Amino acid sequence: MGMLLNVWTDFSDWISNDWSDTTFFVVMSIFAVLGLMALLTFIKKSYNNNKSDKIKWSMLVLSILLFAIVAVLCIAKFA
């Protein structure tokens, strides 16, 4: 358990001290925009009137993963 806490502490220090604010916001913006695009693709495919298109569940999983990365980076930077 202590080793896991050391990894989180090292990661948090790396994000908050070694990254500049510009780098942090650029990385956050890229992940957030990609997550929103994946979510938009999922919604478009889900509510399409054409029944031949299958729902892209992978896009929902991808958007959730990208938003989770955004959340972890924000927690590491600000907590």
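**Three helices, one predicted chain**

Trainee: How many helices and strands does the protein chain have?

Mentor: This is a predicted model, where local features need pLDDT of at least 70, side-chain atom pairs count only at pLDDT 80 or more, and totals for chains, interfaces and linings use all residues. Residues are numbered from 1 along each chain as its sequence is written, and side-chain values use heavy atoms, with hydrogens and water left out. Helices (H or I, at least four residues) and strands (E, at least two) are DSSP runs, numbered from the N terminus. On that basis, the protein chain has 3 helices and 0 strands.

Trainee: What radius of gyration does the protein chain have?

Mentor: Take it over C-alpha atoms, with the globule rule being 2.2 Å times the number of residues to the power 0.38. The C-alpha atoms fill a box of roughly 50 × 30 × 15 Å along the principal axes. A compact globule of 79 residues would come out near 12 Å, but the protein chain has 17 Å.

Trainee: Which residues in H2 are buried?

Mentor: Buried means under 20% relative accessible area (1.4 Å probe, protein chains only), and such residues make up 18% of the 79 in the protein chain. H2 covers residues 21-46. Its buried ones are Phe24, Met28, Gly35, Ala38 and Phe42.

Trainee: Which helices do the buried residues of H2 pack against?

Mentor: Contact means heavy atoms within 4.5 Å. Among contacts in the protein chain between residues at least 6 apart in sequence, 72% join residues at least 24 apart. For the buried residues of H2, the partners are helix H1 (2-18) and helix H3 (57-78).

Notes
Buried < 20%, exposed > 50% of the residue type's maximum accessible area, 1.4 Å probe, protein only. Expected span 1.5 Å × (residues − 1).
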